[in-house]
Amino acid sequence: MNGFDKIIERIQTESAAESEEILALAEEKRKIIEKEHEENAAKLAAQIELALNAELALMRETAKGQAETDGKKMILNAEQGLVLKIIDKALEKVQSLPDGEYFSLLTKLLYRHLQDKSGEILISEKDAKRISPEFSAALERGKLQIVEDENLSGGGFVLRYGEIEENCTFPALFAAKKEAAQDTAYKILFG
């Protein structure tokens, strides 16, 4: 082996050693980078899982709240329906009272709304024909003149003092009770 071959051999040996060292360093770096990527991927996966769990919890709460609201709405509708039926039945019962009881009720209602001045009381033709003595006395005491109104139906009366009218017909009074009952039910359910 001549000097030239020795130099080549030595270069090859050194190159091989250097190559192995470079490959070993590269392998070591690859492992470090791989480990970092795995750690980053694990952190990212944990962050994604946390975000998904938070979103899922929010979705559950939203769904639960919506279900509660829907349930309350169903209860409210059922309660309102029941209240409306009861009020409608009460209105029917009042409208079908015997004359004595009917005019006793009208007299109490009249005294509650009577003012200390003369005015008119509008009543239906049907009621005008069957006025009780008790109601007639209340009209005289209240300085009220009877006006038959063919458009008035459902029982009760309308008091008129000048330009001011107070609707005391049973349908109007019961409609006000319906609204109040609906408002109360809504407040109870939805605070």
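Q: Which residues make the nonpolar surface patch of about 290 Å²?
A: In this predicted model, the patch is made by Leu44, Ile48 and Leu52. A patch of this kind draws on residues with over 30% relative accessible area, and Ile48 shows how one member can be read. Ile48 lies in helix 1, and its relative accessibility is 45%.

Q: Is Ile48 to be classed as buried, partly exposed or exposed?
A: The class follows from two cut-offs: buried means under 20% relative accessible area and exposed means over 50%. Ile48 counts as partly exposed because its relative accessibility is 45%.

Q: Where is Tyr111 found, and which residues does Tyr111 touch beyond those up to four places away in sequence?
A: Tyr111 is found in helix 2. With residues up to four places away in sequence set aside, Tyr111 touches Ala138 and Arg141. Its relative accessible area is 37%, so Tyr111 is partly exposed. Separation in sequence and separation in space can be read side by side: Tyr111 and Ile87 are 24 residues apart in sequence, and their C-alpha atoms are 23 Å apart.

Q: Which residues touch the most other members of the largest nonpolar core?
A: A core is read through buried nonpolar residues joined by their side-chain atoms. The largest one here has 22 residues, and those touching the most other members are Leu110, Ile121, Phe157 and Phe170. Two or more residues each come from helix 1 (3-95), helix 2 (99-113), strand 1 (119-123), helix 4 (133-141), strand 3 (156-161) and helix 5 (170-190). Helix 2 gives the most, with five residues.

Q: How many residues of strand 1 are buried?
A: Burial can also be read element by element. Four of the five residues of strand 1 are buried, and the strand is mostly covered.

Q: Which strands pair with strand 1, and in which sense, parallel or antiparallel?
A: Pairing is read from the bridges between strands and from their relative direction. Strand 1 runs parallel to strand 2 (residues 144-148), and five bridges join them. Within this pairing, Glu120 has Gln145 of strand 2 as its bridge partner. With strand 3, strand 1 pairs in the antiparallel sense over three bridges; there, Leu122 has Val158 as its bridge partner.

Notes. Residues numbered from 1 in each chain as written. Predicted model: local features only at pLDDT ≥ 70, side-chain atom pairs only at ≥ 80, totals over all residues. Heavy atoms only, no water. Core = buried A, V, L, I, M, F, W, Y, C linked by side-chain atoms within 4.5 Å. Buried < 20%, exposed > 50% of the residue type's maximum accessible area, 1.4 Å probe, protein only. Contact = heavy atoms within 4.5 Å. Pairing = 2+ DSSP bridges. Patch = residues over 30% accessible without salt bridge, like charges linked within 9 Å, V, L, I, M, F, W, Y side chains within 5 Å. Areas by Shrake-Rupley, 256 points an atom, 1.4 Å probe, with all protein chains shown as cover. Salt bridge = Lys/Arg side-chain N within 4 Å of Asp/Glu carboxyl O.
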